[in-house]
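I set out to record what I looked up in this structure, entry by entry. The sequence and the coordinates follow.

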Amino acid sequence: MTDNVGLKKFTTVKFLNFALGFLGLQFAWQMRIILSAPVTEGLGADPFIYGLIWLAGPFTGMVVQPLIGALSDKTKSRFGRRRPYLLSGAIIASIALWLFPNSGNIAAALHLPAIFGLIIAAIMIWIIDACINIAQGPYRALIPDVVLVEQHAVANSYISLAIGLGSVIAAATAPFLKFAFHYQMSIPAQFIMAALAFSLAMIWTCLTIKEHSTLDSDVEDKKEQVGFWQSMKEFFALSPQVSKICVMQFFTWIGMMCLLIFFTNFAIHTVYGVPDLTKLSADVQAQFMATQTTATNYSSICFAIFNLVCFIIAIPIGILAGKFGNKKVHIISMLSMVVAYLIMGIFKKNPIIVGSAMALSGIGWASVCALPFAMLSRYIKPGTEGSVMGLFNIFIAGPQVFVCTLVAWIINKSIIQSGEYLNYHYEYSFFIGAACLLIATAITAKIKE
């Protein structure tokens, strides 16, 4: 259990203020999810190459978050343990967010071959993902640092609320401007917007969340310096239930990433039927540009709906979890997402049904963003919050390797040939995701609270 000594009960206003920085973080992450596919495909990436580029997320998550989590536990600073990492991650990521959609122009300005545009884009994605992980782990660790243990579920629900709201704003801005003012916001402009949101929101958090100074703290001095495997052993020794939570999280995030990685491509190439443009001439590509823009806006709208549902029910899920238990609420939420995935895979050509299924899957997303962390937080020892959250992130980042490689390879091999045009069965990702979410649900049922 986390120690409550010296902590004060959070009010609604304090929770909202606490979650603001994560709203900016999620704003940036959502823009990277929605628009990385059009940018990299325009630079020549097929589904498998796109999956390999997405490996940036899991690899930086498995390496960066545990490392930064452990470092933040030991950091001694007048600004606290976590805030230096929140601020540095946000600023560096914001620079990379600005450069990413201009990768092709950077390569051209340097008189480099066209392939270097894709290489630069991949590097920028790695930097963005690494810096988001630098900020994300310490942010999660702030909850047991500054929030009473009995409020952890509610605090994580406010984080879920921020994830939903930040994603809604990020996803809906361009479609709204198109609908209301007939102005199509460019992809580079959307990334600049994300960079500003991330940096400004995180600066606000660092200024307003009063973290205890660690200059005179002796918590870190009392901690024995241990290696990674010893830390992992101690992590699983926290409770027999921790192993179940981690395995549940592993399969959950295979299912989640099947949606997050491939939905935009699914919207463009399956729902709207735009063929693979990477090997077509510029004249042929131009014929599909209007449809691709419409499909990209549709994907943004779907993600906005998905995250709006997450935003609406984030706090109710925390309240229900406090009343009925994390496990029961999480199981029901996950099953709703399984149904949504199957609907999307079966009714793949119907934009209205697919959009409705995305709304349904938002229930599961709200739960995934909050309740596993609330389950785990009960077993965290004081002074190890960053390390534990960093190690726990391995079971979020690790599954993404499976999706970025094997699932991407399956889609790349599932070719649809229509005359001179090539396409892929992107809906397969939803069937694979649904199966993994069912496994995660079964494991959740075995967790004892």
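In which helix is Leu-200 found? I located Leu-200 in helix H8. I note at the outset that the model is a predicted one.

**Entry 1. The nonpolar patch.** I then looked up the accessibility of Leu-200 and found a relative accessible area of 57%; the residue counts as exposed because the cut-off for that class is over 50%. Leu-200 belongs to a nonpolar patch on the surface, together with Leu-87, Ile-91, Ile-95, Trp-98, Ile-192, Leu-196, Ile-203 and Leu-207. I recorded about 840 Å² of accessible area for these residues together. Helix H4 (83-99) and helix H8 (187-208) are the elements that give two or more residues to the patch. The largest share, 5 residues, comes from H8.

**Entry 2. Aromatic pairs.** I noted a count of 22 aromatic pairs. One of them joins Trp-253 and Trp-365, with 5.9 Å centre to centre and 70° between the planes, and it is edge-to-face. Which helices hold these two residues? Trp-253 lies in helix H11 (residues 240-271) and Trp-365 in helix H14 (residues 351-368), so the pair ties together parts that are 112 residues apart in sequence. Are the two residues buried or exposed? Trp-253 is buried at 9% relative accessible area, and Trp-365 is buried at 4%.

I next examined Tyr-424 and Tyr-426, whose ring centres are 6.1 Å apart; their planes stand at 75°, so this pair is edge-to-face. Tyr-424 is buried, with 5% relative accessibility, and Tyr-426 is buried, with 3%.

**Entry 3. Aromatic cluster and a charge over a ring.** I found Trp-253 and Trp-365 again in one aromatic cluster, which also includes Phe-263, Phe-266, Phe-303, Phe-306, Tyr-341 and Phe-430. Elsewhere in my notes, the charged end of Arg-32 sits over the ring of Trp-54, at 3.9 Å from the ring centre.

**Entry 4. Positive phi values.** I checked the backbone with one expectation in mind: most residues other than glycine have a negative phi. His-111 has a positive phi, near 60°. I placed His-111 in the loop between helix H5 (103-109) and helix H6 (115-146). Its relative accessible area is 72%, and His-111 is exposed.

Where does His-182 lie? His-182 is in the loop between helix H7 (152-181) and H8. I noted a positive phi of about 55° for His-182, which is not a glycine. His-182 counts as exposed, at 69% relative accessibility.

Note on methods
Residues are numbered from 1 along each chain as its sequence is written. This is a predicted model: local features need pLDDT of at least 70, side-chain atom pairs count only at pLDDT 80 or more; totals for chains, interfaces and linings use all residues. Side-chain values use heavy atoms; hydrogens and water are left out. Rings of Phe, Tyr and Trp (its six-membered ring) pair if their centres lie within 6.5 Å; planes under 30 degrees apart count as stacked, over 60 as edge-to-face and the rest as tilted. Helices (H or I, at least four residues) and strands (E, at least two) are DSSP runs, numbered from the N terminus. Buried means under 20% relative accessible area, exposed over 50%, partly exposed in between (1.4 Å probe, protein chains only). A charge sits over a ring if NZ of Lys or CZ of Arg is within 6 Å of the ring centre and within 35 degrees of the ring normal. Patches are made of residues with over 30% relative accessible area and no salt bridge: like charges are joined within 9 Å, nonpolar side chains (Val, Leu, Ile, Met, Phe, Trp, Tyr) within 5 Å. Accessible areas come from the Shrake-Rupley method with a 1.4 Å probe; for residues, only the protein chains shown count as cover. A salt bridge is a side-chain nitrogen of Lys or Arg within 4 Å of a carboxyl oxygen of Asp or Glu.
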